[in-house]
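Reader: Hi! I have a new model open and would like to talk it through with you. Could you show it first?

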Amino acid sequence: MREAGDMDLLRIWQEVDIKDVQEHLLMADDLFGFCPGCKTPGLKLQDLHKCPTCSREFKYVTSKDARGGKSAEVVMRFKKKLPHLTFVDYDDYERLSSKNKAADLFKNM
Ligand SMILES: [Zn+2]
């Protein structure tokens, strides 16, 4: 069997419930995580399952650092620290979230 570190990465398009992603997302940079739920910064990434402040359960992780040419390397580093989380493309997430925000806005008019 191949070790996790030897695996290749393939981006797969998947149908998602954007609300579920928003509620279980961890934002991260190279070193630390940020909980969008309670705005706690500086979370240690290694095996992070829950926000220590608000108990948000993390299922997804995204990072601005994974944009551009180095994305595969960056995602692989996150995969090693957080093998239980699904990596979400940052731009995809932003696009969907803002589309959703706009839809909510119109609903309330
Ligand atoms: Zn939190």
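Author: Here it is, and we can go from the overall fold to single residues.

Reader: Great. Is this experimental or predicted?

Author: This is a predicted model.

Reader: Good to know. How many helices and strands does the protein have?

Author: The secondary structure comes to three helices and five strands. Going along the sequence, the pattern is α-β-β-β-β-α-β-α.

Reader: And what does the C-alpha trace span along its principal axes?

Author: The trace spans about 55 × 30 × 25 Å.

Reader: What share of the residues is buried?

Author: Buried residues make up 15% of the 109 residues. As for contacts with a separation of 6 or more, 53% are between residues 24 or more positions apart.

Reader: Let's do the sheet. In what order do the strands come?

Author: The order is β3-β2-β1-β4-β5, in an open sheet of five strands with mixed pairing.

Reader: Which strands stand at the edges, and why do they count as edges?

Author: Those are β3 and β5, the latter covering residues 86-87. Each has a single partner strand, so one side of each is left without a neighbour in the sheet.

Reader: Mixed pairing, you said. Do β1 and β2 run parallel or antiparallel?

Author: β1 and β2 run antiparallel, joined by two bridges.

Reader: What about β1 and β4, parallel or antiparallel?

Author: β1 and β4 run parallel, and three bridges join them. On that side, Leu 25 stands opposite Tyr 60 of β4.

Reader: Nice. Now the inside: which residues make up the largest nonpolar core?

Author: That core has 12 residues, among them Leu 25, Leu 26, Ala 28, Phe 58, Val 61 and Leu 85. Strand β1, residues 25-28, gives the largest share of this core, with three residues.

Reader: You mentioned Leu 85. Which residues is Leu 85 in contact with?

Author: Leaving aside neighbours within four places in sequence, Leu 85 is in contact with Leu 26, Phe 58, Lys 59, Tyr 60 and Val 61.

Reader: Changing topic to backbone angles. Which residues other than glycine have a positive phi, for instance?

Author: Lys 39 is one of them, with a phi of about 65°. Asp 47 is another, with phi near 55°.

Reader: Where do they sit, and are they buried or exposed?

Author: Lys 39 is in the loop between β2 (32-34) and β3 (43-44). Lys 39 is exposed, because 9 other C-beta atoms lie within 10 Å and the cut-off for exposed is 12 or fewer. Asp 47 lies in the loop between β3 and β4 (60-62), and with 9 C-beta neighbours inside 10 Å it also counts as exposed.

Reader: What about Lys 50, where is that?

Author: Lys 50 has its place in the loop between β3 and β4. Lys 50 counts as partly exposed, with 13 C-beta neighbours inside 10 Å.

Reader: And what does Lys 50 touch?

Author: Not counting residues up to four places away in sequence, Lys 50 touches Ser 55, Arg 56, Glu 57 and Phe 58. Its C-alpha is 11 Å from that of Tyr 60, which is 10 residues apart in sequence.

Reader: What about its span, and what should we expect?

Author: Helix α3, residues 90-107, should span 26 Å at 1.5 Å a residue. The end C-alpha atoms are 26 Å apart, which agrees.

Reader: Where does Leu 96 lie, and how far is its C-alpha from that of Ile 18?

Author: Leu 96 lies in α3. Leu 96 and Ile 18 are 78 residues apart along the chain, and their C-alpha atoms are separated by 7.2 Å. Leu 96 is partly exposed, having 16 other C-beta atoms within 10 Å.

Definitions and conventions:
Residues are numbered from 1 along each chain as its sequence is written. This is a predicted model: local features need pLDDT of at least 70, side-chain atom pairs count only at pLDDT 80 or more; totals for chains, interfaces and linings use all residues. A nonpolar core is a set of buried Ala, Val, Leu, Ile, Met, Phe, Trp, Tyr and Cys residues joined through C-beta atoms within 7 Å. A residue is buried if 20 or more other C-beta atoms lie within 10 Å of its own, exposed if 12 or fewer, and partly exposed in between; C-beta atoms are placed from the backbone. Helices (H or I, at least four residues) and strands (E, at least two) are DSSP runs, numbered from the N terminus. Two residues are in contact if their C-beta atoms, placed from the backbone, lie within 7 Å. Two strands pair if DSSP finds at least two bridges between them. The expected span of a helix is 1.5 Å times one less than its number of residues.
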